[in-house]
Amino acid sequence: MHPKGKTIWITGASSGIGRALALALAKEGGSLLLSARHSDRLEAVAAECRELGAPALVLPLDLATPGAPAQGARDAEILLGRIDMLVSAAGLGQRGSGLATDRAVAERILAVDFWAATELARAVAPGMLARGDGQIVVVTGVLGKFGAPNRAYYSAAKHALHGWFDSLREETWKQGLTITLLVPGWVKTGISAAALEADGRPHGTTDPGQLGGLAPEECARRALAAIIAGRDEQLIGGYECGGVYLKRFWPGLLKWFIRRRGIG
Ligand SMILES: NC(=O)c1ccc[n+]([C@@H]2O[C@H](COP(=O)([O-])OP(=O)(O)OC[C@H]3O[C@@H](n4cnc5c(N)ncnc54)[C@H](OP(=O)(O)O)[C@@H]3O)[C@@H](O)[C@H]2O)c1
């Protein structure tokens, strides 16, 4: 779907990939509603969108709060009138082993990385299906294609997004709903610094993978092309995206590589 003249609700819009996507969609003529927790950062991004000539409103919310995605969707429909496109870019990283991670920390990661995107889709899809037109864009990641140490719940959530949204696509393909899964490799954002350690503390440092990753603007440029083309799935990144093909065709080599080199 081309964003021109479309109403677009984007989560994770306060920073990183979500912010860059919001600006890219604004440049192409979309009308934006921006969500995340930090209203000051959202207001700053909204001001940047308006400078590009795009209408932009903010709807702060914490997607990990039970009921918040559904309530957010009701508020978003009131603010936008109708939602032509939903972009779920909000995400929370992990830096703790699967065995050591507290249950409450695991639940928070799954709430933001899996439940929020599916709850938002369940809330906005009926309107899109009734109109016979709409697009749901979800940012997953290469760890939705293979696992890695200290990412068990994050990787599980991202894998689950692929299964859930691939299933939704097969349930709705005759009814005008387009589902696009964006699959970035490493992108230079604050995701690793904000990632939760096993006890729930923020990791606090930017890992080498993110430091050497794509600029968010370049990620958004490639994502925009995939969104406009209505692609089912788009890998976006550098050498790490090769892991997706190794997993499928040469899994032993991927295992060797991760054990020797680590991940990001
Ligand atoms: N960077 C990478 O290397 C990479 C690679 C693969 C996939 N991804 C995915 O890309 C997406 C964007 O991440 P990013 O790299 O751009 O990192 P980021 O800069 O940390 O952005 C994460 C966004 O999610 C929002 N968010 C986090 N917790 C939230 C909550 N409870 N409720 C509402 N919003 C929340 C944050 O805003 P607030 O703090 O204001 O709430 C922020 O806008 C994520 O889904 C991530 O998993 C990133």
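Strands, like helices, are taken here as DSSP runs numbered from the N terminus, a strand having at least two residues. In this predicted model, Gln 135 is found in strand S6, and this report starts from the sheet to which that strand belongs.

## The sheet

Seven strands make up an open sheet with parallel pairing, arranged in the order S3-S2-S1-S4-S6-S7-S9. The edges are taken by strand S3 (56-58) and strand S9 (233-236); each has a single partner strand, so one side of each lacks a neighbour in the sheet. On average, neighbouring strands of the sheet are turned by 15 degrees against each other, direction ignored. As a general point, the strands of a sheet pair through backbone hydrogen bonds, in either a parallel or an antiparallel manner.

Several pairings can be described individually. Strand S1 (residues 7-11) runs parallel to strand S4 (residues 85-88), and four bridges join the two. Within this pairing, Val 87 in S4 is the bridge partner of Ile 10. S4 is also joined to S6 by four bridges, again with the strands running parallel. S6 pairs in turn with S7 in the parallel sense, over six bridges.

Helices pack on this sheet. Helix H2 (residues 39-51) touches strand S2 (31-35) and S3, and its direction makes about 175 degrees with that of S3. Helix H8 (residues 216-229) lies across S4, strand S6 (134-139), strand S7 (177-184) and S9, and runs at about 155 degrees to S7.

## Strand S6 and Gln 135

How many of the six residues of S6 are buried? Six of the six are buried, so S6 is largely enclosed by the rest of the structure. Gly 134, Ile 136 and Val 138 point one way from the strand, whereas Gln 135, Val 137 and Val 139 point the other way.

Gln 135 has a relative accessibility of 0% and therefore counts as buried, the cut-off being under 20% relative accessible area. The side chain of Gln 135 makes a polar contact with the side chain of Thr 180 at 3.0 Å. A polar atom of the Gln 135 side chain also lies 3.1 Å from the backbone nitrogen of Met 1.

Leaving aside neighbours within four places in sequence, the residues in contact with Gln 135 include Asp 84, Leu 86, Met 128, Leu 177 and Ile 227. Gly 230 is another of these contacts. Gln 135 and Gly 230 are 95 residues apart in sequence, yet their C-alpha atoms are 8.0 Å apart in space.

## The ligand surroundings

Of the 31 residues around the ligand, Ile 17, Arg 37, His 38, Tyr 154 and Thr 189 come nearest.

| Residue | Protein atom | Distance to a ligand oxygen atom |
|---|---|---|
| Ser 14 | N or O atom in the side chain | 2.8 Å |
| Gly 91 | polar backbone atom | 3.2 Å |
| Gly 185 | polar backbone atom | 3.4 Å |

Thr 189 is also touched by Gln 210, a residue found in helix H7 (residues 208-211). Gln 210 is buried, with a relative accessible area of 8%.

## Cysteines

The structure holds zero disulfides. Cys 49 takes part in none, and the nearest cysteine sulfur, that of Cys 219, is 16 Å away. Cys 49 is buried, with a relative accessible area of 0%.

## A positive phi at Asn 150

Most residues other than glycine have a negative phi. Asn 150 is not a glycine, but has a positive phi of about 65 degrees. Where is Asn 150 found? Asn 150 is in the loop between S6 and helix H5 (152-172). With a relative accessible area of 36%, Asn 150 is partly exposed.

Technical notes:
Residues are numbered from 1 along each chain as its sequence is written. This is a predicted model: local features need pLDDT of at least 70, side-chain atom pairs count only at pLDDT 80 or more; totals for chains, interfaces and linings use all residues. Side-chain values use heavy atoms; hydrogens and water are left out. A disulfide is a pair of cysteine sulfur atoms within 2.5 Å. Buried means under 20% relative accessible area, exposed over 50%, partly exposed in between (1.4 Å probe, protein chains only). Two strands pair if DSSP finds at least two bridges between them. Axes are lines fitted to C-alpha atoms, for helices over the stretch in contact, and angles run from 0 to 180 degrees between N-to-C directions. Contact means heavy atoms within 4.5 Å. A residue is near a molecule or strand if one of its heavy atoms lies within 4 Å of it. A polar contact is a pair of N or O atoms within 3.5 Å; within protein, one must be able to donate a hydrogen and the other to accept it, and residues adjacent in sequence count only if both atoms are side-chain atoms.
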